Amino acid sequence: MSKYDTIKFNKDDIIIKSGEKPLNHFYIILKGKTICYNDFYKSYKYNNEKGSILGLVSSTIDEPYFSTIEAEEETEVIKIKTDSIINISNEELLNKIYDYLYLILETWLSKYYTILAKNKVDLYNKYDILTMIEIYKNNGYTDVVHKMASKYMHMFPDTDDADEIKKILNDIKPLEKPKHISGTSFEFKKGYCLYSEIASSNHIYIIKSGKVGIYCILNEKQIIRNIYSEGYIINGYPPSLEYKPLLTTAIILEDSVINIISKKELVKMINKDRELRMDFIKMASIKVHNAILKIKSINTKELNKKLIIIIYSIIKMETLFNKNIKTLKSLYKIDDIKNMLNIKMSNKDICLELEKVKYIEIDSLNNINISDVKNYIEEYKNYIF
């Protein structure tokens, strides 16, 4: 650690300020304690102590800091240049960074789902598997239905609903298994279910081509977490936090080629491949940023601003590995946006509101497209503060 700069902060010093442009470094606390707070989720304040990482997410993706961090006592930190992560050979430090990013992602996602849920009961009704099966069936995801029904019969072989489940399994056939290409690469057909909310996979999925949608059932609706495309890495392992809405279902939305590996293999790859390491940290950071923008959007009163922020979050996810993209034809539909923000309005009314937002187009399938990605980001970047 001695090769990094050491900085001391006095009590009440502001270490990081919300809304400011990030610098090309982050901190790790050596001693002392800080408090972190924000304007978009005021009930959530937390302390950071020795070993905590500060400012990594924003500095990695060059987005404004989303929280203010203040020294609660004399605090000493080491300053690490973000660009230097690519050269870090300390495996313990790298693992610390990875664990931090996954934990902070799950933490903010749990805050988002807590707001989104209509009431506390919904968090526990989520495991009503028959309801989940019915929702996915109504939305046309037959492979999800078959896999959930099969798992249900395995979990509850003597259930009173056995005849109903057997009928589903008889009427709905699973999609063909993925075709092995070579090594860890497989070809998947559109509609295939990689894993579900009731059966995690214990695999890591690296998307080489195509698109994968991540969903969960909440408020008796299908909620989309994100749509991932080429370059993204999906974690099929169960979440660390025991919070049911964090469990998800992964569905192939376009014919895709995906590498399937274990978490241990991923860690080895990241530690060995410096470019992959940086891409992975950017990817984890943009997922955290996406979760925070969801919270900002759902907590915003003005409908116009809600829509601008949530679409901004989608664009930032889509452009992480393709910053030169000029237009965006997304697979996010108006219903997806409504469910993500728990908006109870007609599609027609949402369309009328979206017509007021520059560079937004709605196609015949109600997909939300962006005609000019660069200008959208420039026009609305101040809305996310």
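The legends below describe close-up views of a predicted model.

**View 1. The largest nonpolar core and the surroundings of W108.** The largest nonpolar core comprises 123 residues, and those with the most contacts inside it are I97, W108, L194 and Y376. Setting aside residues up to four places away in sequence, W108 touches N38, F40, Y41, Y44 and F66, and also V288, A291, I292 and I295. In soluble globular proteins, nonpolar side chains tend to be buried together.

**View 2. The open sheet of four strands.** The strands of this open sheet follow the order β1-β8-β3-β6, and their pairing is antiparallel. Its edges are formed by β1, residues 5–9, and by β6, residues 53–54, each of which pairs on one side only. Strand β3, which covers residues 25–31, runs antiparallel to β6 and is joined to it by two bridges. Within that pairing, Y27 has L54 of β6 as its bridge partner.

**View 3. The packing of helix α10 with helix α11.** Helix α10 spans residues 334–341 and helix α11 spans residues 347–354, and the two pack at an angle of about 95 degrees with their axes 10 Å apart. Because angles of 65 to 115 degrees count as roughly perpendicular, α10 is described as roughly perpendicular to α11. On the α10 side the contact is made by I334, D335 and K338, while α11 contributes N347, I350 and C351.

**View 4. S201 in the loop between β11 and β12.** S201 is placed in the loop that lies between β11, residues 193–195, and β12, residues 204–209. Its relative accessibility is 14%, so S201 counts as buried, the cut-off for that term being under 20%. When its neighbours within four places in sequence are left aside, S201 is in contact with L194, Y195 and G236. Of these contacts of S201, L194 is also one of the residues with the most contacts inside the largest nonpolar core.

**View 5. N138 in helix α4.** N138 belongs to helix α4, which covers residues 129–138. Its relative accessibility is 56%, and N138 therefore counts as exposed, since that term applies over 50%. Between N138 and T114 there are 24 residues of separation in sequence, and from C-alpha to C-alpha the two are 25 Å apart in space.

Definitions and conventions:
Residues are numbered from 1 along each chain as its sequence is written. This is a predicted model: local features need pLDDT of at least 70, side-chain atom pairs count only at pLDDT 80 or more; totals for chains, interfaces and linings use all residues. Side-chain values use heavy atoms; hydrogens and water are left out. A nonpolar core is a set of buried Ala, Val, Leu, Ile, Met, Phe, Trp, Tyr and Cys residues joined through side-chain atoms within 4.5 Å. Buried means under 20% relative accessible area, exposed over 50%, partly exposed in between (1.4 Å probe, protein chains only). Contact means heavy atoms within 4.5 Å. Two strands pair if DSSP finds at least two bridges between them. Axes are lines fitted to C-alpha atoms, for helices over the stretch in contact, and angles run from 0 to 180 degrees between N-to-C directions. Angles under 35 degrees count as roughly parallel, over 145 as roughly antiparallel, 65 to 115 as roughly perpendicular and the rest as oblique.
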